[in-house]
Structure formats: structure tokens, C-alpha cells
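Please examine the sequence and the model together before reading on.

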Amino acid sequence: MNIFDEPKIDCHNHLFDPDRFPYHPDAPYAPSGQEVATLEQFTQVMEAYGVQHALLVGPNSGYHTDNRCLLDALARGQGRFRGIAVVEPGMKLGQLAALKEQGVVGVAFNPALYGVGCLDGCESLFGKLAELDLFAQVQVCEDQLLDVQARLLRLPTRLLIDHCGRPDVAAGLQQPGFQALLRLAGSGRATVKLSGMQKFAAPQALFEQSAAYVQALIEAFGPHACIWGSDWPFIRQRSRVDYGPLLKLAERLVPDPTQRRQIMWDTPRRLFGFA
């Protein structure tokens, strides 16, 4: 059995459907052309590659804090999807609970895009996430985790760390931000996404430049706290990215079939409650 036949859950992807759900005026970027990615298109991709479930991530690009496109997909998916929403820091507990009822399992925070200051004043929101047993999904890059790790650990919120922490591949495994991510495994409540290699590695060297980081993360967190995601539809990429080659990359990065099943199926099923 190869990776195309194995059970899989894609834990990082986005939908953009501006014809049905116009973009938010405050969004930092408006995907267009081949970046437009509807639920119907993503469903075809999933069926072509044997992906049974997906964690849909509400994007800062396009939709900002407008979750209508995400919630529509969750409703139409009838259990096939779970979601990560983008919300205002002052969202009330009841509003978050309503999102959870619709299939949202966490809220996204993006210091990589907005800077570490975007977490200022979010302590109350983190507390509400913990109360509802929702995840705080955090995307950092390079050494940003050094500035925010104390805040992330102050409250007992479950954490999802995006895209291998987006290390600086020129700085090596010992770079302070990546070492901080490895230490975060000791908290017992963090999960890391083995995804987004195309965001930090050169297109012609995705395996060569990401393999050591992926292996270090698997060793530190264990397959029970690692999940995989594609980052489809690959917005703002400077060169072509395709879904099939990313699956083959995952197969090379995690060559043991038992370990790969844990990361790509068992762990996300348990974390996000897929049937």
C-alpha cells in the first residue's frame, strides 16, 4: 500500500469562494485566479487522492474574521470536516460555544503575518478556549516562539503549532526558535503540524531542507502529537505547488507506514473527533 491508498486527514487547508462569500475589506490579501478554491474543488482534490477528512482553516487572507465560508463548508460536509476559525479577541464565551456546535475545534492566531503583538490582550480569549476545550492554533516563524512561548503556556489551552514552526533553514536545528518548539513538546498539550514545507524550504529541495526538522519534531512530540497538512490551495507561492507531490514528500519524510498512519490518520481522528 502506498500513501495514495492509505487513510489520510488533511489538517491544514483553506477555502476561498468570493462569488458566494465576498472578501472582508480588512483582509490583508485577496486571493484571485488559481488561488480561488471552493468547497467543490477541494472535495474533488480529496476524492482524487483518497483524503477522507479535512481540518479547514479559516484564512486571514480573504476572510479575516468572517467565518461564513468556513461554517457553510462545515454544514455541507455533514461531519467530513472540522474547522479553525479566526475571531476577534473580545469574542464572548457563548459565541465561541456556538462555533464549536457547528464543528469549529479551535481559533487561529498568526504572529508570522501580524507580528507577536497580535497576541497582546488575548489572555481572556485563550482562557475561553481552554474552558471549551478548543485549540489555539498558532503560526510563528523563525525565532518568534521565543517571544510568545511564556504567554502560550500561561493558560492550559491546547496548542496547534503550524508548519513545523516555519524555521529558518539556513540557521540549522539549533536555532533558538526551533529549539523552543522542541521544548514545547514537554508541555503535554501541544501538537505540531508537519506541513508548510514549501513556506520555509526551497521548492527544488523540499525534502533535503525539511527532513531534519520533521524528524526532530517527530522524535520530540511523538506521532501521537504530530499531524499532516497540505496548505492547499497554496496561496502566495512564488512557484508551482501540487497536492500529489506533497503526499509523496510526506511518504519520504515519514517512511514507516505505522508511524505515518498515526500522523496522518489516528492522531487527527482522536484530536478532532472525526468518525
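## Basis of the model

This is a predicted model, in which local features need pLDDT of at least 70 and side-chain atom pairs count only at pLDDT 80 or more, whereas totals for chains, interfaces and linings use all residues. Residues are numbered from 1 along each chain as its sequence is written, and side-chain values use heavy atoms, with hydrogens and water left out.

## Strand 5 and its neighbours

Strand 5 (135–138) runs parallel to strand 4 (residues 104–109), to which 4 bridges join it, and it also pairs in the parallel sense with strand 6 (residues 158–161) over 4 bridges. Helices (H or I, at least four residues) and strands (E, at least two) are DSSP runs, numbered from the N terminus, and two strands count as paired if DSSP finds at least two bridges between them. Gln 137 takes part in both pairings, being the bridge partner of Ala 108 and having Leu 160 as its partner in strand 6.

Both faces of strand 5 are covered, with Phe 135 and Gln 137 buried on one side and Ala 136 and Val 138 buried on the other. Here buried means under 20% relative accessible area, exposed over 50%, and partly exposed in between (1.4 Å probe, protein chains only).

## Salt bridges

With a salt bridge taken as a side-chain nitrogen of Lys or Arg within 4 Å of a carboxyl oxygen of Asp or Glu, the count comes to 14. Asp 162 and Lys 193 form one of them (3.7 Å, N to O). Because Asp 162 lies in the loop between strand 6 and helix 7 (176–184) and Lys 193 in strand 7 (residues 190–194), this pair ties together parts that are 31 residues apart in sequence. Asp 162 is buried at 2% relative accessible area, and Lys 193 is buried at 0%.

Asp 17 and Arg 20 also meet in a salt bridge (3.9 Å, N to O); Asp 17 is buried, at 7% relative accessibility, whereas Arg 20 is partly exposed, at 42%.

## A negative surface patch

Glu 142, Asp 143, Asp 147 and Asp 168 form a negative surface patch, a term for residues with over 30% relative accessible area and no salt bridge, whose like charges are joined within 9 Å. Asp 143 lies in the loop between strand 5 and helix 6 (145–154) and counts as partly exposed, at 32% relative accessibility.

Conventions. Patches are made of residues with over 30% relative accessible area and no salt bridge: like charges are joined within 9 Å, nonpolar side chains (Val, Leu, Ile, Met, Phe, Trp, Tyr) within 5 Å. Accessible areas come from the Shrake-Rupley method with a 1.4 Å probe; for residues, only the protein chains shown count as cover. Lys and Arg count as positive and Asp and Glu as negative; His and the chain ends are not counted. The place of a charge is taken as NZ of Lys, CZ of Arg, CG of Asp or CD of Glu.
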